[in-house]
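This report describes the fold, the core and a few residue-level details of one protein. Please look through the sequence and the model before reading on.

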Amino acid sequence: MSTDARGQYDLILDRIITALRNYSQQQSGIDPAVSFRAVPGSFRTIQQGKVPTIGVHLAALRTASDSAQSREWDLIATYNLDLIANGKTSGAVRGDSAAHARLMYLVQQAINAIYGGDARTVIEAGGVTLQWPVWQLAEPDSYQEEQPLIGGRLSIDVRVSVVPQSASSAPIDEIKIDATLWSGIYDFMEEE
């Protein structure tokens, strides 16, 4: 017997993170200035020295249909990718304008990383279907205004089938109690 396996929706999070990290590594090999960090289970981390960052987390699980088959459920898992970028004032370019430009580029990088050929195939393994993301820019007061930080969220719905497992364990055939002052053992005999 074994304990419960991780859920398919949890494994998809790993696949998204792997796709983002692989893409960043490939891009930074061409130009280190376009690299970014991908952080699982984290969002809106505003450490300016560690941006651009994409924090990925599972935001929701809901049914994809009103009824289920006898063993299998169709679910929609929503993953939020919180993208954060910064910028520096340079000459006539304001820091907030530079941050916005980097954020828009980070959106394109995230889309390329997740929806590009091989990465998408890996993420969609096992009957998973990615839907196109929804983009929303974060309100400016969500970030420290004195720093040229900017962020937004890509929300990706993923359709996945889940088969809940029944609890199981090995039958009890012996109980042993052991303490410093006394001990006892109780054997359970099989009925014939």
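Contact here means heavy atoms within 4.5 Å. The model is a predicted one.

## Overall make-up

The protein contains three helices and eight strands. Their order along the sequence is α-β-β-β-α-α-β-β-β-β-β.

Of the 192 residues in the protein, 34% are buried. The exposed surface comes to about 12300 Å², with carbon and sulfur atoms supplying 51% of it. Taking contacts between residues at least 6 apart in sequence, 59% join residues at least 24 apart.

## Strand pairing

Strand β1 covers residues 37-40 and runs parallel to β2, with four bridges joining the two. One point in this pairing is valine 39, whose bridge partner in β2 is glycine 55. Glycine 55 also stands opposite aspartate 82 in β3. β2 and β3 run antiparallel and are joined by 10 bridges.

β3 in turn pairs with β6 in the antiparallel sense, over 14 bridges. β5 and β6 pair in the antiparallel sense over four bridges, and here valine 134 stands opposite serine 155. Since 10 of the 14 residues of β6 are buried, this strand is largely enclosed by the rest of the structure.

## Helix α1

Helix α1 has 23 residues, and the distance from its first C-alpha to its last is 34 Å, close to the 33 Å expected at 1.5 Å a residue. Its buried residues are Gln8, Ile12, Leu13, Arg15, Ile16, Ile17, Ala19, Leu20, Tyr23, Ser24 and Gln27. The cover over these buried residues includes β1, β2, β3, α2, α3 (117-123) and β6.

Leaving out residues up to four places away in sequence, isoleucine 17 touches Ala38, Val39, Pro40 and Val56. The C-alpha atom of isoleucine 17 is separated by 10.0 Å from that of isoleucine 123, which is 106 residues away along the chain.

Helix α2 has 21 residues and reaches 30 Å from first C-alpha to last, close to the 30 Å expected at 1.5 Å a residue. The buried residues of α2 are Gly95, Ala99, Arg102, Leu103, Leu106, Val107, Gln109, Ala110, Ile111, Ala113, Ile114 and Tyr115.

The largest nonpolar core holds 35 residues, and those with the most contacts inside it are Leu20, Ile54, Leu81, Leu83 and Ile114. Two or more residues each come from α1 (8-30), β2 (53-63), β3 (73-86), α2 (95-115) and β6 (149-162). The element that gives the most to this core is α2, with nine residues. What does isoleucine 114 contact, leaving aside its neighbours within four places in sequence? Isoleucine 114 is in contact with Ile16, Leu20, Leu81, Ala119, Arg120, Ile123, Leu130 and Ile156.

## The aromatic pair

The structure holds one aromatic pair. It is formed by tyrosine 115 and tryptophan 132 and is tilted, at 4.9 Å centre to centre and 45° between the planes. Tyrosine 115 belongs to helix α2, whereas tryptophan 132 lies in the loop between β4 (129-130) and β5 (134-137), so the pair ties together parts that are 17 residues apart in sequence.

Are the two partners buried or exposed? Tyrosine 115 counts as buried because its relative accessibility is 13%, which falls under the 20% cut-off. Tryptophan 132 is exposed, with a relative accessible area of 58%, and the cut-off for exposed is over 50%.

Notes
Residues numbered from 1 in each chain as written. Predicted model: local features only at pLDDT ≥ 70, side-chain atom pairs only at ≥ 80, totals over all residues. Heavy atoms only, no water. Core = buried A, V, L, I, M, F, W, Y, C linked by side-chain atoms within 4.5 Å. Buried < 20%, exposed > 50% of the residue type's maximum accessible area, 1.4 Å probe, protein only. Phe/Tyr/Trp six-rings, centres within 6.5 Å; stacked < 30°, edge-to-face > 60°. Expected span 1.5 Å × (residues − 1). Areas by Shrake-Rupley, 256 points an atom, 1.4 Å probe, with all protein chains shown as cover. Pairing = 2+ DSSP bridges.
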